[in-house]
Amino acid sequence: MNTSLPLTRRAALRQLALLAASASVARAADSAPLRIATFHADVTVPMGIGMMGGSWLSTSVADPLEAHGIVLMGAQEPVVFVSVDWCEIRNEAYARWQTALAEAAGTKPERVMISTVHQHDAPVADLAAERLLRERKLIGTVCDLEFHERAVTGVAKALREGLAKARPFTHLGMGQAKVEQVAALRRYLTADGRVMFNRMSRSNIPEAIAAPEGGIDPWLKTLSFWDGDQAVAALSFYAVHPMAFYGKGEVSADFPGVARRQRQSETPGTEQIYVSGCSGNVVAGKYNKGTPEMRPLLGARLHDAMAAAWKETKRVPVRDFTYRAVPLKLAPRESKGFTIPELEAQLTPETKRFPQCLAAMGLSWRQRLATGRDLTIPVLDFGPAQFLLLPGETYVEYQLAAQALRPDSFVCVAGYGDGATGYIPTEEYVKEGDGNLTDWCWVAPGSEAPMRAGIAEALKVK
């Protein structure tokens with residue numbers, strides 16, 4: 001180099017060299033091959049832990065609870081998705097999962113998508129709610145703080161180990177099949193035209209059993225990730241409350257666990273991941289009387305649809321994917337019983353255990369809003385297919401709306417993202433007086449408009 005060149009010229013040449021190097025790196029990044037890693041871990045709770053937000057305590061284990069996930073890598077920072085056999089993960093707990101898995105994957109927390117399957121014989125993770133209960137020395141317990149941290153770090157460890165076995169991701173698979181005799185809306189009409197909301201996950205009400213299924217999404221969609229001719233992972237999405245036999249303290253992944261494990265035994269080289277769709281108002285009660293033998297029966301029906309969707313799968317080459325997360329603001333509920341003073345008043349020894357837990361979860365949501373941390377609607381976009389994650393116990397109408405916005409695409413919708421909201425109904429359900437909204441719903445009426453706007457923005461629909 002001629003060191004006698006003027007300083008400004010030398011600087012200009014150096015800048016040109018840096019720009020050329022940057023362009024070369026950018027071209028390499030743009031053409032970076034896609035890779036995928038899979039991971040899974042046991043997240044079964046100890047005994048004496050609050051189930052379904054503290055409604056009852058764990059007393060035995062029928063079958064283990066598991067977390068199953070993928071890491072997608074390419075030109076962008078990695079994206080993580082994990083489906084967890086827990087009831088819900090809310091507020092600070094959700095952020096902890098995002099942080100731990102992001103550190104393990106080498107990405108940002110906002111690029112970590114977490115969905116719970118929502119079995120009721122499983123815990124709700126809400127760290128702030130549990131601390132409120134402990135500080136006041138109350139009998140209510142939402143979750144176990146120490147176990148929660150062990151579970152999160154265990155899943156992060158499994159993720160790191162999975163990265164060492166990452167494989168090329170060359171093709172995307174898409175297939176779907178109808179699920180027979182599993183799901184129905186909670187809402188139904190009686191013979192004389194009355195609107196009822198009492199069809200639950202199990203039912204012995206003749207009218208509820210006889211009434212039509214209603215406006216469910218009957219399709220199970222399977223989105224699969226391939227390395228050439230080998231499927232590395234398969235995500236199966238279906239919208240139904242995932243309980244057949246429950247509420248006795250016996251920890252279980254219930255009938256989705258039955259179906260997933262059978263598919264895993266049939267496809268040992270493919271990570272089988274079950275994902276609950278938007279099923280806040282979709283239940284199995286039309287077809288389920290809540291007896292022990294119903295768990296394998298409903299599991300078999302779900303498995304048959306998973307196997308059928310697999311047979312219908314069509315593969316397409318994939319060269320890239322995009323990830324985006326749209327902010328979502330939902331107002332807190334201020335109706336009677338949901339104001340901060342009223343929630344605080346429930347945190348007393350005179351209050352029964354489960355109402356204590358409900359109040360603590362309501363206050364946890366309020367504390368989270370006070371920090372200014374919004375919810376988000378994240379989406380993974382592969383071009384011919386999109387994977388959308390919605391918060392809370394979103395009603396199925398939002399899933400159907402998302403799919404209708406992109407009829408040209410294979411839109412897979414997961415519910416039970418950040419569970420802070422509880423139920424997110426449509427305005428029609430609010431007006432009709434849906435009785436399920438009396439407690440497990442912490443968002444104000446009027447949530448439908450921002451939900452629909454956020455979904456459209458996430459899917460890039462004007």
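Trainee: Which side chain of opposite charge is nearest to Asp121, and what makes us say that Asp121 has no salt bridge?

Mentor: This is a predicted model, so every value here is computed from it. The nearest side chain of opposite charge is Arg295, 4.4 Å away. A salt bridge needs the nitrogen and the carboxyl oxygen within 4 Å.

Trainee: Where does Asp121 lie, and what does its side chain reach?

Mentor: Asp121 sits in the loop between β8 (112–116) and β9 (124–125). Its side chain reaches the backbone nitrogen of Gly247 at 3.1 Å. A polar contact requires N or O atoms within 3.5 Å, so 3.1 Å qualifies. Asp121 also touches a number of residues, among them Trp56, Phe245, Lys248 and Arg295.

Trainee: Why is the pair Asp85 and Arg260 called a salt bridge?

Mentor: Their closest N and O atoms are 2.9 Å apart. The limit is 4 Å, so the pair counts. The two residues come from distant parts of the chain, 175 residues apart. Asp85 is in the loop between β6 (79–84) and β7 (88–89), and Arg260 is in helix α6 (residues 254–266). Both Asp85 and Arg260 are buried. They also belong to a salt-bridge network with Asp63, Glu66 and Arg261.

Trainee: How do you know whether Lys329 and Asp374 are exposed or partly exposed?

Mentor: Compare each relative accessible area with the cut-offs. Lys329 has 61%, and exposed means over 50%, so Lys329 is exposed. Asp374 has 29%, which lies between 20% and 50%, so Asp374 is partly exposed. The two form a salt bridge, with closest N and O atoms 3.1 Å apart.

Trainee: What is the separation between Glu448 and Arg452 in helix α12?

Mentor: They are 4 residues apart, or about one helical turn. Residues three or four places apart in an α-helix point the same way, because the helix has 3.6 residues a turn. The side chains of Glu448 and Arg452 meet in a salt bridge at 2.8 Å, N to O. Glu448 has a relative accessible area of 15%, under the 20% limit, so Glu448 is buried. Arg452 has 36%, so Arg452 is partly exposed.

Trainee: What makes helix α10 mostly covered?

Mentor: In α10 (residues 396–405), 7 of the 10 residues are buried. They include Val396, Tyr398 and Ala401.

Trainee: How many salt bridges does the structure hold?

Mentor: The structure holds 27 salt bridges.

Definitions and conventions: Residues are numbered from 1 along each chain as its sequence is written. This is a predicted model: local features need pLDDT of at least 70, side-chain atom pairs count only at pLDDT 80 or more; totals for chains, interfaces and linings use all residues. Side-chain values use heavy atoms; hydrogens and water are left out. Buried means under 20% relative accessible area, exposed over 50%, partly exposed in between (1.4 Å probe, protein chains only). Lys and Arg count as positive and Asp and Glu as negative; His and the chain ends are not counted. A polar contact is a pair of N or O atoms within 3.5 Å; within protein, one must be able to donate a hydrogen and the other to accept it, and residues adjacent in sequence count only if both atoms are side-chain atoms. Contact means heavy atoms within 4.5 Å.
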